[in-house]
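Please keep the sequence and the structure in view while reading.

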Amino acid sequence: MDDRLISEQLVRPGSGLGHTVVVKESTGSTNDDALALAAAGAAHGTVVVAERQTKGRGRLGRRWQSPAGNLFFSVILREGLEPEAVGLVMIAAGVAVARALIKNYSILAKLKWPNDVRAFGKKLCGILAEGGGQGQLDYVVLGIGLNVNMRSEDLPPPIKEIASSIAEETGKERPRAEVLGQVLDELELALADLARGDYETVLAQWMALDEIIGKQVRAETPAGIFRGQARGIRRDGALLVKDDESGRERAVVAGDVVIVEQG
Ligand code: BTN
């Protein structure tokens, strides 16, 4: 399958997401490219997509493996984001990717706070939102790494055991241009909900697909590690966990959660 990314074929008419698409053959990180473009004034909805990333990054300073055949893209967001909704951008993006995978590929996509889209416990997509501006938050760059045609054997261990792709879940390779369009369609819907102040819809859609709510988790936060039961997502995007020790509900705003197997 000839699956090169060609800007003219990716551009979406209108004022939504993808009216301008910058295609890079190889780049460090599309988030860095989009942050630089945003700082130089690029418009809301501009998309940067790359065939390859040499310094793809994930949350918490981790590396994002970027093998050929996957999608690596970043979207510049400037409009419709009240400061209180910024924490929900990753949540909205997770919902959008999961819904695109369910609707178009019948993948049983699930969500794990704060940014994983998974199927049968394996990660298909990671999301990294980064803000920028002069003295205030002028824009958010939403970076999405979605495993499309990769085979997990292309990845180094131990990631190969915990990652999957659309091709692996469905047994078929897909044109990335099509997948990108499907994700941007869903992203436009979820961001429109946020812009209207309808956070409840986004949170309810997340909750319907969340795979950790109700489960025992180990929360690894900058303030320390604790165990408890995942309870829900707060209006600012934080994960609520009922601490086993204190019995109180704590908000996890940064860090990671791991599902604890119960014997
Ligand atoms: C994570 O799971 O920790 C987030 C991964 C985000 C990866 C994407 S790929 C496109 C964009 N460019 C980057 O360097 N990172 C994001």
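## Salt bridges, ligand site and backbone

Arg234 and Asp236 form a salt bridge, with their closest N and O atoms 2.6 Å apart. A salt bridge is defined here as a side-chain nitrogen of Lys or Arg within 4 Å of a carboxyl oxygen of Asp or Glu. Side chains of opposite charge can pair when their charged atoms come close.

The model is a predicted one, in which local features need pLDDT of at least 70, side-chain atom pairs count only at pLDDT 80 or more, and totals for chains, interfaces and linings use all residues. Residues are numbered from 1 along each chain as its sequence is written, and side-chain values use heavy atoms, with hydrogens and water left out.

How many salt bridges does a search of the whole structure find? The search finds 19. Three of these pairs are listed below.

| Pair | N to O distance |
|---|---|
| Arg234 and Asp236 | 2.6 Å |
| Arg250 and Asp243 | 2.7 Å |
| Arg59 and Asp256 | 3.5 Å |

The side chains of Arg59 and Asp256 meet in a salt bridge. Arg59 lies in the loop between strand E2 (47-53) and strand E3 (71-77), and Asp256 in strand E12 (residues 256-259), so this pair ties together parts that are 197 residues apart in sequence. Helices (H or I, at least four residues) and strands (E, at least two) are DSSP runs, numbered from the N terminus.

The partners can also be described by their accessibility. A residue is buried under 20% relative accessible area, exposed over 50%, and partly exposed in between (1.4 Å probe, protein chains only). Arg59 is buried at 12%, and Asp256 is buried at 14%. Arg234, at 34%, is partly exposed, and Asp236 is partly exposed at 32%.

The next topic is the ligand. Around the ligand there are 19 residues, of which Ser29, Gln53, Arg57, Arg59 and Lys123 come nearest; a residue is near a molecule if one of its heavy atoms lies within 4 Å of it. One nitrogen atom of the ligand is 2.7 Å from a polar backbone atom of Arg57. In the side chain of Thr30, an N or O atom is 3.2 Å from a nitrogen atom of the ligand. An oxygen atom of the ligand lies 3.1 Å from a polar side-chain atom of Asn115. On its own, the ligand has 410 Å² of accessible area, and the protein covers 98% of this; such areas come from the Shrake-Rupley method with a 1.4 Å probe.

Helix H2 (30-39), E3, strand E6 (122-132) and strand E7 (139-146) are the elements that give two or more residues to the shell around the ligand. Which element gives the most? E6 does, with four residues.

The peptide bond from Trp113 to Pro114 is cis, with omega near -5°, and Pro114 is found in the loop between strand E4 (110-112) and strand E5 (116-119). Another cis peptide bond joins Pro157 and Pro158, with omega about 5°. Pro158 lies in the loop between E7 and helix H4 (159-162).

Ser106, which is not a glycine, has a positive phi near 50°. Ser106 is exposed at 64% relative accessibility.

Note on methods. Polar contact = N/O pair within 3.5 Å; in protein donor to acceptor, adjacent residues only side chain to side chain.
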